There are 2 protein chains.
Amino acid sequence: MSTTGEKILGRLLTLGQFGHASGIYFRTPFTAAETAAVDRVREWMREAGLSVRRDAVGNVIGRVEGRDPAAKVVATGSHLDSVRDGGVFDGPLGVVAGIEAVAQLLADRGTPARPVEVIAFTGEEGSRFPMGLLGSRMMAGLLAPEEAVAILDREGVPVGEALAQAGLDPARLDRVARGDLACMVELHIEQGPLLERSGVAVGVVETIVGIHGFQAVVTGQADHAGTTPLGMRADALLGAAEIVLALPELVRPSGGVVTVGQLDVAPGSSNVVPGRVLFSVDLRHASPAELGRLAARIRGEADAIAERRGLRLEWHTRQVTTPVATDPALRARIQRAADALGFPWRSMPSGAGHDAMAIAARCPVAMIFTPCRGGFSHRPDEFADAAMIDPGFAVLKRLLADLAWE
Amino acid sequence: MSTTGEKILGRLLTLGQFGHASGIYFRTPFTAAETAAVDRVREWMREAGLSVRRDAVGNVIGRVEGRDPAAKVVATGSHLDSVRDGGVFDGPLGVVAGIEAVAQLLADRGTPARPVEVIAFTGEEGSRFPMGLLGSRMMAGLLAPEEAVAILDREGVPVGEALAQAGLDPARLDRVARGDLACMVELHIEQGPLLERSGVAVGVVETIVGIHGFQAVVTGQADHAGTTPLGMRADALLGAAEIVLALPELVRPSGGVVTVGQLDVAPGSSNVVPGRVLFSVDLRHASPAELGRLAARIRGEADAIAERRGLRLEWHTRQVTTPVATDPALRARIQRAADALGFPWRSMPSGAGHDAMAIAARCPVAMIFTPCRGGFSHRPDEFADAAMIDPGFAVLKRLLADLAWE
């Protein structure tokens with residue numbers, strides 16, 4: 001017997017063919033690859049009984065009207081773009097599962113009480129333009145059209161021009177923001193190992209973590225590696241290494257995460273004492289207060305290490321996003337749905353950003369996580385089998401029924 | 001009153017004009033820059049009363065015959081080439097000071113008892129061809145002509161072709177090795193801070209340290225920086241940082257030095273947990289036994305750190321050179337010369353390699369160090385003023401008198 005999960009996997013693989021030509025999976029906004037994926041999604045939406053439109057920033061919206069013409073919209077969805085050399089689950093799963101859930105509900109239950117939409121957002125990853133959540137920010141009214149059109153990609157092409165090239169009308173960007181959303185729920189792979197390792201079928205996201213992103217520059221003194229005694233060095237790498245090692249110890253008790261993913265040593269010769277080290281710090285926590293407290297403690301501790309070692313330390317802030325809490329009432333509905341279906345669930349934070357984060361500025365949001373193999377994401381071997389997807393799908397379907405058909 | 005030191009500085013600056021055209025000081029073997037420097041050195045040698053020849057590998061040899069035709073040669077000198085963006089003291093000081101010392105001795109004392117040579121070695125730094133001490137290795141018979149001619153520079157030009165382009169005859173390389181050297185003494189800036197900081201005028205090198213050069217590769221698991229809890233990571237950078245920090249503690253008690261000068265993180269994105277880190281380890285010690293013991297301890301400790309963190313660690317040996325001791329009798333003569341001239345001196349290792357290291361395979365060698373400002377070397381601001389150079393010069397002159405004129 002074929003499961004819904006298997007049908008969804010088939011559709012994800014179908015969308016996966018629409019990537020860049022270079023042999024890696026990489027789909028960015030306003031490209032031929034995106035247009036091909038959008039066309040396929042439109043087709044599936046129409047088959048499901050939805051009417052389809054595309055807004056001026058490229059979000060694809062499949063809609064079924066409800067019996068109450070004045071009711072606000074119950075929305076679900078996710079995004080269609082990918083990171084470079086990413087996988088086919090991150091984003092498309094929420095779109096494909098949303099279409100399938102609504103299709104099954106329309107077949108089972110007929111016209112809903114309230115209007116339902118499945119939304120495929122554009123430009124969530126920020127891998128072409130240096131701003132993520134492009135489609136959802138515009139829909140939430142968080143980004144002014146005149147700002148949006150001026151954002152440049154790496155080749156210097158502004159969003160405005162890219163939109164026009166894709167047949168979209170930048171002059172209509174002011175109609176993208178919505179005031180008619182009742183709520184939005186997003187289904188997504190966890191992108192981490194918690195659900196798989198704990199054997200729990202469904203994750204109920206409590207908070208999408210906030211990020212403090214810094215760049216630190218440690219400056220010491222470049223010296224000859226043979227002729228400078230250890231006691232007379234100001235080795236920037238030793239200072240950086242001590243800071244890097246201290247970070248997880250500072251952050252671990254809080255339940256947050258911290259990562260140094262980038263570290264460059266200058267001059268970078270094996271026979272020269274490092275004079276300068278530049279490294280990134282990516283700190284994430286679900287609580288805004290903890291995030292601020294941890295950021296301050298990290299900087300204080302790092303300053304103390306640098307001072308003790310006679311090094312200079314500069315900090316540059318790269319990114320600050322505030323944690324976004326999901327809606328408690330929606331979470332409770334998800335938990336009741338999982339309980340009713342007999343699926344073990346757990347509350348958890350989302351360590352990655354999602355479109356729901358932006359939409360939360362307009363309406364209550366929720367997120368349902370499915371496990372994924374090994375917790376891998378943003379890699380070509382990103383995967384979740386049908387058994388991993390089915391419970392999350394069933395909970396999404398039951399939640400949409402609860403929200404729009406009851 | 002002008003000192004000898006000032007005259008020497010003037011000549012170093014004169015040679016400094018012969019570098020690459022790109023605005024940085026960089027003189028490599030068998031180039032127009034080297035030829036121009038060699039021509040000036042030949043001129044100074046002839047002015048000093050030396051007869052000049054250039055051997056087939058490019059070493060320039062200024063010689064004065066002694067009264068005893070059977071006596072072996074008392075040699076002094078250093079090299080003319082530089083590192084990229086280096087300074088004008090590293091190398092040329094020993095050549096220019098040697099010429100000046102012999103010139104003054106010839107003027108003061110006439111014909112020496114034994115033959116004296118001032119040698120300007122070629123290719124000490126290994127900055128064009130990937131093997132340092134090219135001229136002195138050939139003179140010591142440590143490198144076979146057929147091996148030498150085949151060494152390629154970065155553009156793929158073999159030594160043999162480069163020699164021919166500079167007007168040298170590769171067919172005569174088999175005549176470069178010498179059996180007629182009595183001893184060789186090299187004057188050099190310290191390239192480190194010990195003499196300047198301790199206010200000591202003259203360094204007497206006891207040993208030229210040996211080097212164990214490794215490359216370590218730490219492999220963990222690249223993961224999403226937001227969604228992978230700290231306790232579920234195999235962060236290659238944390239392992240590397242712990243090893244980097246442990247190294248100086250392991251080596252410090254031995255009096256040796258250890259440096260991690262190169263460290264590369266992959267994939268190197270701020271939002272990805274490092275999956276792989278590659279770093280260099282440059283370990284130096286004056287004792288062969290200590291060098292071996294320290295190398296083994298470092299590898300053992302690093303393996304233990306990697307294992308504890310669930311990381312894989314591979315080691316690749318890049319370079320192994322054995323420490324070279326200078327001649328005790330020559331050291332004693334240098335110390336007596338310094339005492340007689342009233343200059344404070346100290347015994348010390350050389351943390352860098354020098355031509356004397358290769359020549360030690362053929363005859364007793366010694367090295368005299370002068371202080372240099374801040375201990376800086378291999379930098380454009382490498383500097384020693386006349387007051388820093390004069391004592392070392394005076395000791396060299398007295399030593400040459402002692403060895404060749406008594």
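The expected span of a helix is 1.5 Å times one less than its number of residues. Helices (H or I, at least four residues) and strands (E, at least two) are DSSP runs numbered from the N terminus. At 1.5 Å a residue, helix α8 (residues 236-251) of chain A, with 16 residues, should span 22 Å, and its end C-alpha atoms are 23 Å apart, which agrees.

This is a predicted model, in which local features need pLDDT of at least 70 and side-chain atom pairs count only at pLDDT 80 or more, while totals for chains, interfaces and linings use all residues. Residues are numbered from 1 along each chain as its sequence is written, and chains are lettered from A and ligands numbered from 1 in the order in which they are written.

**Chain A overall**

- Chain A has twelve helices and 16 strands.
- Its radius of gyration (over C-alpha atoms) is 23 Å, close to the 22 Å that the globule rule gives for 406 residues, so chain A is as compact as a globular protein of that length; the rule is 2.2 Å times the number of residues to the power 0.38.
- The C-alpha atoms of chain A fill a box of roughly 80 × 50 × 40 Å along the principal axes.
- Of the 406 residues in chain A, 57% are buried; a residue is buried if 20 or more other C-beta atoms, placed from the backbone, lie within 10 Å of its own, exposed if 12 or fewer, and partly exposed in between.

**Core and chain contact**

- The largest nonpolar core has 274 residues, among which A:Val102 and B:Val102 touch the most other members; such a core is a set of buried Ala, Val, Leu, Ile, Met, Phe, Trp, Tyr and Cys residues joined through C-beta atoms within 7 Å.
- Leaving aside residues up to four places away in sequence, B:Val102 touches B:Ala48, B:Leu50, B:Val64, B:Val116, B:Val118 and B:Leu400; contact requires C-beta atoms, placed from the backbone, within 7 Å.
- Chain B gives 47 residues to the contact between the chains, and chain A gives 47 residues.
- On the side of chain B that touches chain A, α8(B) supplies the largest share, eight residues.

**Helices α8(A) and α9(B)**

- Buried residues of α8(A) include A:Ala236, A:Leu237, A:Glu242 and A:Val251.
- Helix α9 (residues 288-308) of chain B has 21 residues and reaches 30 Å from its first C-alpha to its last, close to the 30 Å expected.
- In α9(B), B:Leu291, B:Leu294, B:Ala295, B:Ile298, B:Ala302, B:Ile305 and B:Ala306 are buried.
- These residues cover an arc of only 105 degrees around the axis, which puts them on the same side of α9(B); the arc is that of the directions from the helix axis to the C-beta atoms.
- B:Ala289, B:Ala296, B:Gly300, B:Glu307 and B:Arg308 are exposed on the other side of α9(B).
- The buried residues of α9(B) pack against β7 (210-219), α8, β12 and β13 (312-321) of chain B.

**Loop residues**

- A:Asp90 lies in the loop between β3 (73-79) and α3 (92-109) of chain A, and counts as buried with 26 C-beta neighbours inside 10 Å.
- The peptide bond from A:Ala266 to A:Pro267 is cis, with omega near 0 degrees, and a cis bond also joins B:Ala266 and B:Pro267.
- A:Phe30 has a positive phi near 70 degrees, in a residue other than glycine, and is buried.
- For B:Phe30, phi is near 65 degrees, again positive.

Definitions and conventions
Contact = placed C-beta atoms within 7 Å.
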